[in-house]
Every structure is written in C-alpha cells, then in structure tokens.
Amino acid sequence: MALTSEQLLEAALKVDMIQRETLNQLRNEARRRHLDVLTLVQAHYRLPKNAFYRAAAEVRGIRFLEMEELKPDLEALKKLPQALVRRKNFLPVLATSEDAPLTLVTSEPDDRSGLDTSKRLLNQAVELGLSEPHLISKAIERAYQALQQASIEVESATQQSVDLIVLLDAIFREAYLRRSSDIHIMQDEQGLRVRLRVDGKLQEYIPDTIASHEVANGLISRIKVLADLDIAEQREPQDGGLSYTLDAPIDTEFNVRVATAPTRIGERVTMRILGQDAKDLSLAKIGMTERDLTLFQEAIRKPFGMILLTGPTGSGKSTTLFAALREISAPDINILTVENPIEYVIEGVSQVQTGAKITFASALRSFLRHDPDVLMVGEIRDEETADTALKASMTGHLVFSTLHTNTAAGSITRLADIGCEAFLIGATMNAVIAQRLVRKLCVHCRTPYEASDEEKGLLEQPLDQSLTLYQPHGCALCEGSGYRGRMGLFETLWFDESLSKLVSKGCSEEELEAVALSKSRLRLMWQDGVTKVLEGHTTLSEIQKVTVKRVINA
C-alpha cells in the first residue's frame, strides 16, 4: 500500500513545500466541493505527485528514485516470492557502486513487516529507497519480463484495458502540473514513450497504464482526431492544433499546436502548449534589469517606430512581445496582430493567424486599412514583410516584430541583407532586443559556495576578494533538478538620434556596436547574465550555454 494523501501532505509541510494556512483553506474547499484534498493542493501549487513522494523521502532521510534508476537486481529478485513482490510493491535494484548495499525500493516505507520479511529473505545489507507506486509496478513488470526471456517461469500480470481519453487527460494534467512547454509522444521497441519538456530539458513521464504499441497508436489517432488531422495518413508529416480543457480542480483551457511525423517504428506527435501563463504575463516578470525595463517601457509607449525581438525558436520572444502588448493595451488604442500560431489571447486585441490564404505581408497590408495604432507581426521572413513593416512604422504606427539573429546589432545587418534600405531602417528603429532563456535556481534549495579564481575572472570580479555564488542542490519542490522556472537574458540596443543617423549611412555591425556601447545605448547579453549570476538567480554554467563573452572596442 502506498503512502496516504495525509502522509504526503505532512511531508510537504515539513519541507516547506506548501504552507499550513493555505492547506487548511484548501481542506475546507475540498470538503465543500467534494474533491480530494491532495489533488486540490497539486492544482493550487502546480506540483506533480512526484514532488510529494520526494518530500516524503527527504523527511525520512532516504533516497528517491526515478524510473531510469529503477534497474532491478534480477538475482536478488529471484529470492523473493512473486506474490510478496507484487502485493507489497517492493523491488530490489542494483547498487550504485560495488561498496554500496542493495537498495530495496518501496512506495510504503512505513510497512515494517513487509520490509523485514524481504530483508530476511535477501540475507544481505539493504538500503531503503522510495518511489511512486506506479513506477515501481512498471519496473517490476519489466523485471519479470526479463526473467521470462531468461526461461524462468513467472506469473503474468493481469492485463488491463486502457481508456485513451483518461490517458490523454493524465498526460495533459501532468504536463500542466510540471509547467511543461512541450509534450513528445513517440514509440520505441517497448511501445509508448512520453516525454515532457520542462525548463528546456526533457523529462520522462511514465503513464500508469499499459504502454504497448497498440495503446500508442490509439493515443496518436485520438490526438489526430482532436487536431482535425487525417488519421488515415501515416506516411506524411501533418500540422494542426486543438484546444484542451482540464477539469476541476485545475479548471483551465489552453491551445495546443500539434505536429506529427512518421518514424522507423511508428508515428510520433509533438505538442506545444501555448499561452499557459497568459493571466500572469507582465513585463515585470520577464527578468529585465530595472534600467532596461524602464527604457523598454519608454520605447513601447512611443507613437511610432519599430521594436524588434531577436533570438532562436523557443527563446521567449513571443512572451516578451505579448507582455509589452498587455502593458500598453487600453480601450483607446487599436492593436492588431498577425501570428502563426496565436500563442497568447489578449482581450481587446484583434489577432489573426496566417494560413494558406493569409501571409504576414498580406495581413499587414490589410491592417493598414483598419485604422491601427499598434501592429504586431509574428515574424519577419522576407523583404515584402520587412518593407511593409518598416513603412508602416514610418507612417505613424508602432510596430513590433521578431527576427532570427544572434545579436541585437545583427538585426540591422539582417534587414539590410533581406533588401531593406538603410535610411528606412535608421529612420524607424526604436529598439532591438536579443533574448535567450536560462533556468532559474530553485530558491528553496540553492546553496552558497565560494567562487574560484577562474569564475571571478569570467565574472570580472576582483581576485583578491571573496565572492559568494549559488549552485543547484535539488529538493522536492524542483523535483531534484536544483532549478525551477526560467528567466530571460537580454542584449538591449536602444536607438537615439545619433545611432539612427549612423544606421542610415549604412554603417557596419561592428561600428554600430562600438558607438552604441560608448554611449551606453548597448548592454551585452553576457553582462546581463553576469548580473543575474551575481544576484543568485542562475549559474555561470547556465549563461555559458546561451551566450559568450564578447570584447567590443568602444
């Protein structure tokens, strides 16, 4: 038997993962709505059940194991009766080193009689481990399948039917609780495999059902039906979208972009969850420094001009753009956007999605006949879109857009390469912001340490002075990763009259950066990253993954 909801909640309280006052309020609400209190707490704090089992392990001082760590010790497993293993949900797993004892993983660490029986039968030193019940069950089935292949007779587990509607709902629920941006559904030799992208990293999700190829094919077909795709077409990639609603106690709806592709084993599906945190979207939360935030707020309130966000796919450009639009949105301002797809829905804003008959350029030309104040173009890809956007910003409209370049100043070169006139770029540009995302340290468990001389050198700090930085540790709240959430790193280029004239003359990228840096109109991404490392928000290794230290002679 697994740990009870009350035991899991008490463990979460002891590690400060949840607050007693909030829990009491949620208990009352659960009684009123006839809901399970643990499910309500999960929805309120957006925490998967995995986090509560981690908290229980932390409180008891034992190791928590994820699915990939549940590697069964088959020799030890043979010593235990199958009935005991299946009934008690125990699994002996391989030791982490030659000197380490055997780990006996359970979902009920307080069941002393079952544990003592297992230890006596194994007749060796045993270390207790904890994991989620369904993960242990999955690992037990895989272990006995391995024994069957070795011609050892074992009892077969009772087969269960799979409700695909319930399975898909469980996947979306887990993705929501883990704050996932993408869901990957694929097939391997074992059958269904589900992975969730959390804070830029993929995590395995093990459904509490049979994960055969038949289940995988059925699940993919259901997703294709919901996304209005052709379920008979399995040899060509397809793109679509759907809207999904999670019932109480989560009570939320989000849009999902769906892409399918044929693979060697079978079809795979990738789903991007759009606009999850639209209600909390604001400029103050995207991670800009106080000075950059002030300058950005000034730029987005200018009556005309162009504001560009640059960076690779998945760097948070759309989030920053829509935070800016929400900041300036008002009843007396007419805002129109053209996007592919529509990620965030903003009340009072007319949003158009591109398609077979609507391009960015054609939508933008149409918008100019709708008396706009502010225009947002999802992406500048060609000369036609760029030229229309620049001319719109020159004729009394404020235009926001995105571009794929590595640096802020590189956007000017990119626009020139597309075919835009230098005088037009210089006359219209208000600001260019290059952006990347890094993981934020979990404030609940980050640990301080003394920086090395090498780190001080990279951070441009005095070598003869002590410097305290923070490193990830891992706890129940961050699911052992040491990081929770992401924040933006920004390279900001703020145009003034002198920089506009310089661009109009067709200056080089290097010349623009040098002059802008000398006038304090350019702040490099590395500098922004260093500031956030020194403030304890992230780590040096995180900023080194997305940017490099550049030397510009001003």
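I counted secondary structure first: the protein has 21 helices and 20 strands. I note that this is a predicted model.

**Overall dimensions.** I took the extent of the C-alpha trace along its principal axes and got about 85 × 65 × 50 Å. Then I checked burial. Of the 554 residues, 50% count as buried. Residues 24 or more positions apart account for 65% of them.

**The four-stranded sheet.** I traced an open sheet with the order β1-β4-β3-β2 and mixed pairing. I then looked at the pair β3 (residues 102-106) and β4 (residues 126-130). These two strands run in the parallel sense and share five bridges. Within this pair I found V105 opposite G129 of β4. I also looked for a helix packed here. Helix α7 (residues 112-122) lies across β3 and β4, at about 150° to β3.

**Helices α9 and α10.** I fitted axes to α9 (residues 164-177) and α10 (residues 213-226). They come within 10 Å and cross at roughly 75°. Angles of 65 to 115 degrees count as roughly perpendicular, so α9 is roughly perpendicular to α10. I listed the contact residues next. α9 brings L164, I165, L167, L168 and I171. α10 brings V215, G218, L219, R222, I223 and L226. I sorted the residues of this contact by type: nine are nonpolar, one is polar and one is charged.

Notes
Residues numbered from 1 in each chain as written. Predicted model: local features only at pLDDT ≥ 70, side-chain atom pairs only at ≥ 80, totals over all residues. Heavy atoms only, no water. Pairing = 2+ DSSP bridges. Contact = heavy atoms within 4.5 Å. Axes fitted to C-alpha atoms, helices over the stretch in contact; angles between N-to-C directions. Parallel < 35°, antiparallel > 145°, perpendicular 65-115°, else oblique. Nonpolar A, V, L, I, M, F, W, Y, C, P; charged D, E, K, R; others polar. Buried < 20%, exposed > 50% of the residue type's maximum accessible area, 1.4 Å probe, protein only.
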